[in-house]
Amino acid sequence: MPFVAAALGYVTKRIAIEMMFRPLRFVGIPHTFLGWQGVVPRNAERTIRIAAELLTTRLLDAREVFARVDAGLLAKELELGLLIEVDAITRDVMAKHHPGLWEALPVLAQDVIVKQVQAGSPEAVRKIVEALQDNIDQVLDIKEMAVSTLRRDPALMVRLVKDISRPEMAFIARSGIYFGFVLGLVQTLVWALTREPIVLPLFGMCIGWTTDWLAIKLVFFPRERKFGFQGIFQKRRDEVAQQYGKLIADEVMTVPNILQAVLNGPRADRLKALVHKVVWQTVDEQASLARPVVMAAIGADRLKEMKREAAIKAVERLPDTIRHAEGYLTETLDVGNTIATKMRDLTRAEYEDLLRPAFRRDEWKLIAVGAAIGFLVGELQVLLL
């Protein structure tokens with residue numbers, strides 16, 4: 001009986017763990033209780049909101065992170081990309097808005113015009129970076145970006161929780177063996193004294209319920225070390241901080257995701273307005289010496305339309321341009337280490353919220369399933385005896 005109880009404790013824990021993460025979507029009869037969806041994906045929206053709130057209020061300050069970017073170094077990293085994109089934009093705009101004049105120019109003259117515009121691109125980068133650093137909160141909503149990224153990929157939220165809780169899940173499974181064996185000894189003694197068949201299913205239910213409840217509680221409690229023991233998740237704080245920071249940096253706060261949020265998020269119009277302003281200034285500065293000639297040849301209205309077109313194309317090509325500096329930006333923003341450092345300053349309860357909300361609301365269901373399985377195993381023992 002103790003060995004059966006130990007096996008029962010382990011099996012119920014493994015089932016509970018699988019039920020936490022699987023299936024990703026509801027399987028069963030919709031809008032009824034006849035079916036199941038993994039506890040973590042079921043509570044994904046709530047977990048995402050809590051994680052995003054913690055991320056943006058305690059772990060990551062957009063202004064602090066983006067202040068690390070050096071405009072000069074970024075321009076240097078982007079040099080090749082800028083030359084290619086500015087060349088393409090200039091030729092496209094000129095060919096579209098003044099095809100006769102552009103085609104009549106010798107190739108050398110065309111190259112001179114392109115190089116003149118290219119010469120102003122490093123200064124344009126500096127202006128954009130400085131403006132972003134001063135107004136990053138108006139351009140980028142980190143909380144909304146994190147929520148959108150995690151919501152876009154339900155499996156990502158599950159993977160984040162699963163990866164940082166892997167040792168805790170292993171502890172829960174192992175603990176079922178030990179708790180189950182001890183309770184199995186008590187079950188054996190009671191059975192020997194009473195020989196009542198009802199003892200087996202009742203103890204099976206008790207073993208399933210108690211071992212699941214104890215295992216989940218011991219993951220988080222006690223928060224502080226007491227009597228030589230501390231909740232395993234609390235005990236692994238430094239390790240989790242590094243792991244969580246890396247996961248967020250690699251999966252959520254990536255340069256492409258940040259750029260996607262800036263260009264397509266709720267505040268995208270502000271960035272576009274900023275880029276438009278800088279592009280217009282750059283074109284005006286580079287054409288200042290020949291402005292009277294340009295105005296006479298092209299006209300004020302057409303020049304304005306050309307600058308507008310150049311600004312629109314600059315925004316469209318921004319992802320391709322930034323790709324040349326993705327490594328520099330990832331290293332400079334240093335999101336992973338920033339999060340890991342800030343996590344060490346969290347209170348015990350705040351730190352617990354990295355994992356606990358994922359299954360707090362439905363953990364009673366996991367415990368109840370363990371109890372039901374234990375009861376059924378007890379009935380099977382009665383039949384075998």
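Select R195, which sits in the loop between α12 (166–194) and α13; helices here are DSSP runs of H or I with at least four residues, strands are runs of E with at least two, and both are numbered from the N terminus. R195 isn't a glycine, yet its phi is positive, about 55°. The residue is exposed, at a relative accessible area of 56%. For that label, exposed means over 50% relative accessible area, buried means under 20%, and partly exposed is in between (1.4 Å probe, protein chains only).

Before moving on, two housekeeping notes. This is a predicted model, so local features need pLDDT of at least 70 and side-chain atom pairs count only at pLDDT 80 or more, while totals for chains, interfaces and linings use all residues. Residues are numbered from 1 along each chain as its sequence is written, and side-chain values use heavy atoms, with hydrogens and water left out.

Now jump to D334, in the loop between α21 (326–333) and α22 (335–343). D334 also has a positive phi, about 50°, without being a glycine. At 30% relative accessibility, D334 is partly exposed.

**Stop two: zoom out**

Show the whole chain as a cartoon. You'll find 24 helices and 2 strands. The radius of gyration is 31 Å, well over the 21 Å the globule rule gives for 385 residues, so the chain is more spread out than a compact globule. (That radius is taken over C-alpha atoms, and the rule is 2.2 Å times the number of residues to the power 0.38.) Along the principal axes, the C-alpha atoms fill a box of roughly 110 × 45 × 30 Å. Buried residues make up 45% of the 385. Taking contacts (heavy atoms within 4.5 Å) between residues at least 6 apart in sequence, 80% join residues at least 24 apart.

**Stop three: two cis prolines**

Select R22 and P23: the peptide bond between R22 and P23 is cis, with omega near -10°. P23 is in the loop between α1 (2–21) and β1 (27–28). Then try F221 and P222, where the bond is again cis, with omega near -5°. P222 belongs to the loop between α13 (199–220) and α14 (232–235).

**Stop four: the nonpolar core**

Which residues touch the most other members of the largest nonpolar core? Select L74, L140, Y244, V252, M253, I339 and M343, out of 91 residues in that core. Helix α3 (residues 44–59) gives the largest share, 7 residues. A nonpolar core here is a set of buried Ala, Val, Leu, Ile, Met, Phe, Trp, Tyr and Cys residues joined through side-chain atoms within 4.5 Å. Center on M253 and, setting aside residues up to four places away in sequence, you'll see it touch L60, I142, M145, I248, I258 and V335.

**Stop five: helix α15**

Color residues 237–251, which form α15.

Beyond neighbours within four places in sequence, R237 contacts M343, R344, D345, L346, T347, R348 and Y351.

**Stop six: salt bridges**

How many salt bridges does the structure hold? There are 23, each a side-chain nitrogen of Lys or Arg within 4 Å of a carboxyl oxygen of Asp or Glu.

Start with D238, which pairs with R344 at 3.4 Å, N to O. D238 is in α15 and R344 in the loop between α22 and α23, so the bridge ties together parts 106 residues apart in sequence. Both are partly exposed: D238 at 48%, R344 at 35%.

Next, select R58 and E350, which meet at 2.5 Å, N to O. This pair links α3 to helix α23 (residues 348–352), 292 residues apart. R58 is partly exposed at 32%, and E350 is too, at 23%.

Finish back at R22, whose side chain bridges to E18 at 3.4 Å, N to O.
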